[in-house]
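Keep the sequence and the structure in view while reading.

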Amino acid sequence: MSPDTTLDLPPSPDDVIDKLRELVDPTFEDHDSAALSIRAMALIGRLKSLNRAANNATRAHKDVTAEARHDMDQSHLQLQNLLYEKRHLEREIEKCRQFASVYQDVPLYTLEEFKELAPEEHRTDQVLADEHQLMLNRLNFELAERQRLDQRRKELLQQKEELLKENKAKLTTMDSVKAYIDALMKTASETQKKVDELVVPPTESTSNPTTS
């Protein structure tokens, strides 16, 4: 069940309870007792049905809450993973920003890393044999990598903002569902209390044997 599903409150039991109260009113003393009993049993049956409906609605809303909480936990986990990756990229980007303007002081990928990671056309045998061209290609590759990392950082920031908005919306849904459940539980409690007030335990007759 989706957290956005609209769940209605069950019908109010007040009307049924009012009718039950009418049956015990002194004005009904002259009515046929069998008919009153049948009417009372029908009303009590209706009251039980309403109570079951309230309990079912409560369970349904609890399911909605659990599902919303699960989705929020998943989103939170994704957000934590993104934040971890974001911090890692920020550290790498900060390292890149602190490189010296003179190319000899620029922290580059090692030559072995360059040979492994750079596009093939940037590390041909002819380039590797030309020290000047090799350095230019290494610098260009370093710039491209830093631009790629910066772009990835921006994407992560965007994902973070979207996840935060999604979490906020789910929290709002959960608050609404919780208030709904509280109202249902209050209604069920009041219904049970009213039923308890109407149910009168049978009077046990006691025998007093006469002593001869």
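Contact here means heavy atoms within 4.5 Å. The model is a predicted one.

Q: Are α1 and α2 roughly parallel or roughly antiparallel to each other?
A: The two helices pack at an angle of about 155°. Angles over 145 degrees count as roughly antiparallel. α1 and α2 are therefore roughly antiparallel.

Q: Is Glu142 buried or exposed?
A: Glu142 lies in helix α5. Its relative accessible area is 8%. Buried means under 20%, so Glu142 is buried.

Q: Which residue has its backbone nitrogen 3.1 Å from a polar atom of the Glu142 side chain?
A: Leaving aside residues up to four places away in sequence, Glu142 touches Pro107, Leu108 and Tyr109. The backbone nitrogen in question belongs to Tyr109.

Q: How far apart in space are Glu155 and Lys86, C-alpha to C-alpha?
A: Glu155 lies in helix α5, residues 131-198, and is partly exposed at 35% relative accessible area. In sequence, Glu155 and Lys86 are 69 residues apart. In space, the C-alpha distance is 9.5 Å.

Q: How far apart are the end C-alpha atoms of residues 139-174?
A: An unreviewed UniProt entry annotates residues 47-92 and 139-174 as "coiled-coil region". In the model, the span 139-174 is 100% helix and 0% strand. Its end C-alpha atoms lie apart by 52 Å.

Key: Residues numbered from 1 in each chain as written. Predicted model: local features only at pLDDT ≥ 70, side-chain atom pairs only at ≥ 80, totals over all residues. Heavy atoms only, no water. Helix = DSSP H or I, 4+ residues; strand = E, 2+ residues; numbered from the N terminus. Buried < 20%, exposed > 50% of the residue type's maximum accessible area, 1.4 Å probe, protein only. UniProt positions renumbered as here; feature names shortened; annotations may be inferred. Polar contact = N/O pair within 3.5 Å; in protein donor to acceptor, adjacent residues only side chain to side chain. Axes fitted to C-alpha atoms, helices over the stretch in contact; angles between N-to-C directions. Parallel < 35°, antiparallel > 145°, perpendicular 65-115°, else oblique.
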